[in-house]
Amino acid sequence: MEKMIGLDMDTEVEMSPAARAAVFSSPYSSPSTAFLLQRRVLTWAKETGSPATLRVRVADRSFILHKDPLASRCRYFSQAMEEVSGDVELPASFPGGSEAFEVIGLFCYGDAVALDPFNVAAVRCAAEFLDVGGLGARCDLYINQVVLQSWDDALIVLQRCQPLLPVAEELLIVSRCVESLAFMACMEILDPEQSRDQPGVDDATARGLVGRRWDAELVKELAARDLWIKDLIALPFEFFKRIVQALRRQGMKEKYVSPVVLFYANKWVLSKKTHKFWASTDESGDGGGGETDANRKATDILHGVVELLPAEASGGAIPAAFYFALLSRSLTLELAEECQTRLRGQVASHLQFACADDLPLPEQDAHRSIADSPEVIAMESIVSNHVAMQRQGAEAVADLWDRYLVQIVGDPKLRPERLAGLIGVVSAGDRKTHDHLYEAINTYLLEHPGVSGDEKASLCGYIECRKLSHEACIQAVQNERMPLRFIVQALFVQQMHTHRAFTERSDSFRYMLSGELIPGVAGAYTPSPGCPVPTSQPLSTTSPYTDAHTTVAMDGKLRARDDDASDYETASFRIQALEQEIISLKKTLQRHNTVKGGSVRKDGKEPSFRADAAAPAAVRRRAPVSGSCIGSMRWGSQRRCASRILRVFTRLAVFGRSRSRGKQSKCRAAAEQLSCL
């Protein structure tokens, strides 16, 4: 039902509850705006004796007013009355609605206009639309002298401008409020007298967010500690984006600007409560578009947030966990390819500052392996690009990737070749230590007991025993799931570690004793007056405990390390030769079993492998099965040969117990012993 004002002089207008609620929408206003217009129409009719004959329709409301006041003040109505003699209906694009038209009606009748932050933007836009002379200038004056001087008033006016676009933008109301808010925010940061009992923008990020898994609720609590940040992140994204740009343009440091963007993205993109609220609000009206609308809104905001974030690492202003949280959220949304590429580049620039808990982990899927999930594929692509671009922090990224593999190798659907591909994403040279890689492969073998020997050897081939710690070497030597070759290499490296540690301890002990015997050195031994220095050990400048001896000892250490490296290579060759011997031995045993099962004498006795004395030489001399000397041995000696080979394996451990000459002699002795088998 239409609501009408000014039907005749004796009629009072009864307002509906909706209209009455619209009048009370501004806390600065009162019901007087609608009633003052009604009484002013009645008063004008009494004074002039002319009734109100012009019907003006604004949305769902109708106003019956006099033509003369409107035509004299509004050029829009003067032109409309020339074309139409009856009713005038304002178009749907009229800004401000019926509330703004009530204020303009009072102004046309000559009454004072009550402006406040809740209606000044709408009245200014409506006055511009209707071309009301004098009212627009009065609104601009109120905005400049009152609104822009207060944080709260400027924020209210900016929020009220959203339904008034693009008229409010053309009248510079939005830009003036944005610049004013940005200026006052800079003053809030730069105010030396501003006491901050709780952490500010930069402190909140550094203390509360860095080094822990992303928690949206915790970030909300940090954002609420600064009221100006809480006000900014409540704005629509179009206005928030312009304020952030104004903050940077006015010189605010990035360590203050970036966390504001972080808090905004956390509230509107990462918060599950916001997503549930949007999903429960079905704007499409079909009963099933709530989730779609929520994802669409989050996608639009995420596009803008990625553009606002700095392209490179901003000195720790934004924790790495935030970028990985955005990456995980983006995998559930339909991002544009350009935006997705930019986001992954930002994630790659923060890889060296991340921890394993920051990286996104997929959920268990009964029909798909974890290694084939979008999360793992995205991380594989990001780490590959980081390695290809040769950015800083390659060792930290390699360690991070190995820790990430430890978390996903427990998937029962993970194939060995897929795991090998994931391990190969990072080159062996970038891995400073192989402890986490060993842990990942060991966990995989534990969870997948059906892996074949060749697959085990292929996976363990990525581990360099020389880059394992002493503790990892001890565990690898005792690990029954590892291949024999890997165990022997780990055993040799363990012996090298033990020998090096013993040598360093021995040298440091000798250096300590030399300091006690050299007089004049701080902390040196000083004999008492009654105890002269023994003459059987004269001290001279050529003493073995002088600096020259220290230099010689250091050179000896370097030569010992070089000898250890050469011994490690020699042992590797010997291990390969021993493996070939074992393979040849297995073939011989298999052939013997085949001959034993297939050939039976007529007298029921098993055939003997010993040659008859009367047999010719060609028959008595058996051709070797392979190039190995084990293939020419008799069956009675093969078991003894196997035990001797095992003893040779154990003797490899003594390679690191003596100096290089002793090691080389033992290597030659072991080689001669094998050649004699």
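Tyr264 is buried, its relative accessible area being 1% (buried means under 20% relative accessible area, exposed over 50% and partly exposed in between, with a 1.4 Å probe and protein chains only). Phe240 also counts as buried, at 1% relative accessibility. The model is predicted, so that local features need pLDDT of at least 70 and side-chain atom pairs count only at pLDDT 80 or more, while totals for chains, interfaces and linings use all residues. Residues are numbered from 1 along each chain as its sequence is written, and side-chain values use heavy atoms, with hydrogens and water left out.

## Aromatic pairs

A search of the whole structure finds 15 aromatic pairs, where rings of Phe, Tyr and Trp (its six-membered ring) pair if their centres lie within 6.5 Å, and planes under 30 degrees apart count as stacked, over 60 as edge-to-face and the rest as tilted. One of them is the edge-to-face pair of Phe94 and Phe129, with 5.6 Å centre to centre and 75° between the planes. Phe94 lies in the loop between β4 (88-89) and α5, and Phe129 in helix α6, so the pair ties together parts that are 35 residues apart in sequence; helices (H or I, at least four residues) and strands (E, at least two) are DSSP runs, numbered from the N terminus. Phe94 counts as buried at 8% relative accessibility, whereas Phe129 counts as partly exposed at 28%.

Phe240 and Tyr264 form a stacked pair, with 4.0 Å centre to centre and 10° between the planes. This pair links distant parts of the chain, with Phe240 in helix α14 (residues 237-249) and Tyr264 in helix α15 (residues 254-270), 24 residues apart.

## Packing of α5 and α6

Helix α5 (residues 97-108) and helix α6 (residues 120-130) pack at an angle of about 70°, with their axes 9 Å apart; axes are lines fitted to C-alpha atoms, for helices over the stretch in contact, and angles run from 0 to 180 degrees between N-to-C directions. The two helices α5 and α6 are therefore roughly perpendicular to each other (65 to 115 degrees, with under 35 roughly parallel, over 145 roughly antiparallel and the rest oblique).

Ala100, Phe101, Val103 and Ile104 of α5 meet Ala122, Val123, Ala126, Ala127 and Leu130 of α6, contact meaning heavy atoms within 4.5 Å.

## Packing of α20 and α21

The axes of helix α20 (residues 374-389) and helix α21 (residues 394-408) come within 11 Å and cross at roughly 165°. Helices α20 and α21 are therefore roughly antiparallel to each other.
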